[in-house]
Amino acid sequence: MSMLDGHEAERKTREQIEAEAELFGPLTSSVRSLIDATVMTDAAPEHIVRARALVEEAAALLDSRRMSAPFGTKWSADGTRRSWGNAVIGLRNPIAPLLEVAYEDGLASAEADLGAAYEGPPGLVHGGVVALLLDQILGGAADHAGVPGMTGTLTVRYRKGTRLGPVRVTARVDRVEGVKTFAVGRVHTADGLCAEAEGIFVLPREVRDMVAEMGRPQ
Ligand SMILES: CCCCC/C=C\C/C=C\C/C=C\C/C=C\CCCC(=O)SCCNC(=O)CCNC(=O)[C@H](O)C(C)(C)COP(=O)(O)OP(=O)(O)OC[C@H]1O[C@@H](n2cnc3c(N)ncnc32)[C@H](O)[C@@H]1OP(=O)(O)O
């Protein structure tokens with residue numbers, strides 16, 4: 001598989017994309033609520049059985065027509081892009097905590113409210129989920145700084161348990177060495193600093209070759 005598979009030029013207008021966001025955003029939000037309700041419900045057995053039938057009916061409706069491949073990344077001519085299937089920020093992905101990432105003065109920051117679906121140790125966020133959030137924000141910081149890459153190495157130091165609930169994730173680029181971007185980041189809750197990470201993001205050889213090819217005079 002090529003690293004470039006799943007990247008494609010956007011064929012929709014801004015208005016069409018906005019209409020899609022208005023259609024799918026609320027669906028994603030409803031399914032996210034459904035996930036939380038599924039984890040947390042203490043309803044009567046007959047209600048669980050009824051809910052399951054409704055969910056299966058909804059799944060069959062949605063499945064009546066499927067895309068031929070996962071969403072991937074669609075690039076608009078103006079340089080904007082959408083990765084609506086992304087596991088952290090995908091607008092169409094109900095398991096994505098939907099971190100809205102803000103960029104200011106080289107710092108990427110995002111907040112999320114992590115509910116029961118993200119539990120690892122009792123009452124705490126699963127360590128893999130903490131790493132997931134960090135991976136995305138560190139990668140976003142590298143990308144936003146103009147030195148993007150695939151995660152080559154991600155090192156996470158868990159300083160204290162991350163309590164379920166509101167979390168804040170921040171990251172910035174520390175340095176660039178050739179094709180490697182070193183980014184660092186942190187996760188905070190009301191309890192203070194919970195995790196720190198360093199990531200090495202590498203622009204894949206195939207993309208480097210493509211960029212070199214495009215830059216070569218005819
Ligand atoms: C139009 C197309 C645009 C394509 C854009 C491409 C990239 C990304 C773009 C945007 C990203 C935007 C936002 C990001 C947001 C979130 C981030 C989520 C990221 C992920 O969820 S991503 C999934 C998990 N990730 C993988 O699935 C990677 C699998 N893996 C590989 O794809 C290769 O393995 C790769 C690319 C890592 C290296 O491959 P390669 O062939 O380019 O490497 P090569 O041998 O040439 O080494 C060159 C220099 O990197 C050093 N190096 C090599 N490997 C290293 C490693 N693992 N750790 C640390 N350093 C490493 C060498 O030591 C050498 O260093 P030196 O130059 O100093 O000698």
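Which element gives the most to the shell around the ligand? I found that helix 3 does, with 5 residues.

Before going on I noted the conventions. Residues are numbered from 1 along each chain as its sequence is written. The model is predicted, so I kept in mind that local features need pLDDT of at least 70 and that side-chain atom pairs count only at pLDDT 80 or more, while totals for chains, interfaces and linings use all residues.

I counted as near any residue whose C-beta atom, placed from the backbone, lies within 6 Å of the molecule. On that basis 21 residues surround the ligand, and the closest are Gly139, Asp143, Gly152, Thr153 and Arg205. The elements that contribute two or more residues to this shell are helix 3 (127–144), strand 6 (150–158), strand 9 (192–202) and helix 4 (205–215). Sorted by class, the shell holds 8 nonpolar, 9 polar and 4 charged residues, where Ala, Val, Leu, Ile, Met, Phe, Trp, Tyr, Cys and Pro count as nonpolar, Asp, Glu, Lys and Arg as charged, and the others, Gly among them, as polar.

**Sheets.** I took two strands as paired if DSSP finds at least two bridges between them. Strand 2 (residues 73–75) runs antiparallel to strand 3 and is joined to it by 2 bridges; I located lysine 74, whose bridge partner in strand 3 is arginine 82.

Another open sheet has 6 strands in the order 4-5-7-8-9-6, and its pairing is antiparallel. Its edges are strand 4 (102–104) and strand 6, each with a single partner strand, so one side of each lacks a neighbour in the sheet. Strand 4 pairs with strand 5 (residues 107–114) over 3 bridges in the antiparallel sense, and alanine 102 stands opposite serine 109 in strand 5.

**Domains.** The domain assignment, whose bounds come from an automatic or database source, gives domain 1 (1–96) and domain 2 (100–209). Their contact (C-beta atoms, placed from the backbone, within 7 Å) takes 10 residues from domain 1 and 10 residues from domain 2.

Methods
Helix = DSSP H or I, 4+ residues; strand = E, 2+ residues; numbered from the N terminus. Contact = placed C-beta atoms within 7 Å.
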